[in-house]
Each structure stands twice: as C-alpha cells, then as structure tokens.
Amino acid sequence: MKKKVNRVVLVGTGFVGSSYAFALLNQGVTEELVLIDLNKEKSEGDAMDLNHGLPFAPSRTRIWFGDYSECKDADIVVLTAGANQKPGETRLDLVEKNTRIFKGIVDQVMASGFDGIFLIATNPVDILTYATWKFSGLPKERVIGSGTILDTARLRYELGEYFNVDTRNVHAYIIGEHGDTELPVWSHANIGAKPLAEALEQKEDCKQEDLEEIFVNVRDAAYHIIQRKGATFYGIAMGLVRITKAILQDENCILTVSALLEGQYGHEDIYIGVPCIVNRQGIREIVELNLNEEEKQKFSHSVEVLKKTMKPVLESIK
C-alpha cells in the first residue's frame, strides 16, 4: 500500500508563486509540489529549475507541472494567481477582475474532488478568501487567507530595528484588512517579555510619537517596494510557507491570517486578518484580543470598508 505523503498544489507561478515554491523546497516542508499555471512553458521551466536544486535541499520533494485533476489528492491548494497590483493601485482596486479569475480556478479545483485546505494570497486577499469560501462550499476553517501575516512580520521587523532587538523576540500584531485600513494592536505589543509601553519608558531615545511613523512604514511598505522593483514577493512567500508548515505539521501556532468572523470582535460574515490558531484542520480557532476603544473603532472601519467593496462584486458574479 502506497504511503500517504503531503501534497501541495500551487496555482499561479508568477513572482509570488515561484518564490513560494523556492522557499518551500528550501525548507523541506512537503513531499510533493504540483505547479499549475496558464503559462505552461514557464511553469515547466520552474519545475525543471527547482528539481535541479534537489541535491542541495534538506529533504526529498517531488516537483512537477500538472493540472487541476491533481488537486484531488492535495492537502493544500495555494492560490497566488491573478492580476498584480500596479504602481498607484490599491489592493482593493483589483477586486473585480481577480474575483472573476478565482471563480474559474476554484470551480476547476473543486471539480477534481478536492477536500483539503485552500490557502489564498492573491489581493485583495480578504475578499478573495471570502469568495473562495463561497465558491468552494468548504467549511470556513479550511479556507484561509494570508491576511496580515506579512504586515505583522513587517511590524515586528521595524520594532526590532527600533529597539535593537532580534525581530523573532518582538511580539506584535497588525489586524484588519491587508491594506490601507489595517491597524497595529499597540495594546498587545511586547518587546521580549516587556509590554511596549514599558519598553518605551525604559529606553531614553525611544518615544511614543515614533510608533506612528513605524506603522505608516509598515502599512505603506508594499507601495515603496512596488515603486522600486515592481512587485513584492519574497516576504509573502516566506509567510505562505510559514502557514503551510503550521498546517502540515499540525503546529497549533498563532498566525495573523484571514479568517471568517462569526461574532468575534463584534462582527460577522467577513474574512479579515486576525490572530488564529492554525493546525492540520486549518483554523482551529480565532484568538480574540481585548482591544482598546481606539483599536475597536479602527477595526470596525476596516470591516466596513471591506464589506462595502465586496458586496457589489459578489452580487454581480452570482
């Protein structure tokens, strides 16, 4: 009897997808990786190129260019396909064209008999995750968006630089839309074991006003990177691998992903970035932080912006 191995299917081998595949191979997270893309030659080339790196990889990974029928045996289908954000565009500007693209992709994945977990990275990620949940009919816990995992990583990096502390010892969250209405949860930020407010008090050259500048740099990071190199892909690829690893290794770790709210934080019927416990079943539970009043107001605003943008698009596609 053939031993069951982990299979990840990647749909979309552009900048983000190919970076994800490369990072996945380097970390030895899955035994099988299937690449799917409209550009067959490019994806076949990616598979060849990645396979040539196998002698240097930490573990054996079978990688090949495939089709949607191979989603049937997949544990995770990762969606990075779609139109990219151009200079001057917001993530929400992409909503209509990418929702239509996703309808076709999700239908083909589900036609294969797929019964695993969807992981979505394409922008606007919160709306496309909601659309994937609706299109697929899968349980909410098995449809996950990359949410604010990258924004949270950017915040941890910036705070680490500011306090001269290893970013891995900085614990802080960005929640809300992966976009212009996201917010930092300063009330739950810690530098090592110290609350952020205490860390500020004990460091003479650090001050409260600098936090707003740090957040603005985090929120607008994608615009600055796109202006310089055309797209962002390394950071989100690493974030996607982190989520993939948490799922396949049943880690029960806390990550700020896009999840469906059903009353948490006072909202419902919306996918949005919040801390969640992630394991082999997908999202085990949403971690509800005790936000202060300002944070609650900003989070509610983020929810309303997403709902207002999403409603006409989904109605037109129905």
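## Ground rules

A residue is called buried when its relative accessible area is under 20%, exposed when over 50%, and partly exposed in between, using a 1.4 Å probe and protein chains only. This is a predicted model, where local features need pLDDT of at least 70, side-chain atom pairs count only at pLDDT 80 or more, and totals for chains, interfaces and linings use all residues. Residues are numbered from 1 along each chain as its sequence is written, and side-chain values use heavy atoms, leaving out hydrogens and water.

## Rings that pair up

Let's start with Phe233: its relative accessibility is 10%, so Phe233 counts as buried. Rings of Phe, Tyr and Trp (its six-membered ring) pair if their centres lie within 6.5 Å; planes under 30 degrees apart are stacked, over 60 edge-to-face, and the rest tilted. That rule gives eight aromatic pairs. In one of them, Phe15 and Phe233 have ring centres 4.8 Å apart and planes at 15°, so they are stacked. Phe15 belongs to helix α1 (residues 15–27) and Phe233 to the loop between α8 (221–229) and α9 (234–248), so this pair ties together parts 218 residues apart in sequence.

Tyr130 and Tyr271 make an edge-to-face pair, with 6.4 Å between centres and 85° between planes. Both Tyr130 and Tyr271 are buried.

## A tucked-away threonine

Helices (H or I, at least four residues) and strands (E, at least two) are DSSP runs, numbered from the N terminus. With a relative accessible area of 2%, Thr61 is buried. Its side chain reaches the backbone oxygen of Thr30 at 3.1 Å.

Key. A polar contact is a pair of N or O atoms within 3.5 Å; within protein, one must be able to donate a hydrogen and the other to accept it, and residues adjacent in sequence count only if both atoms are side-chain atoms.
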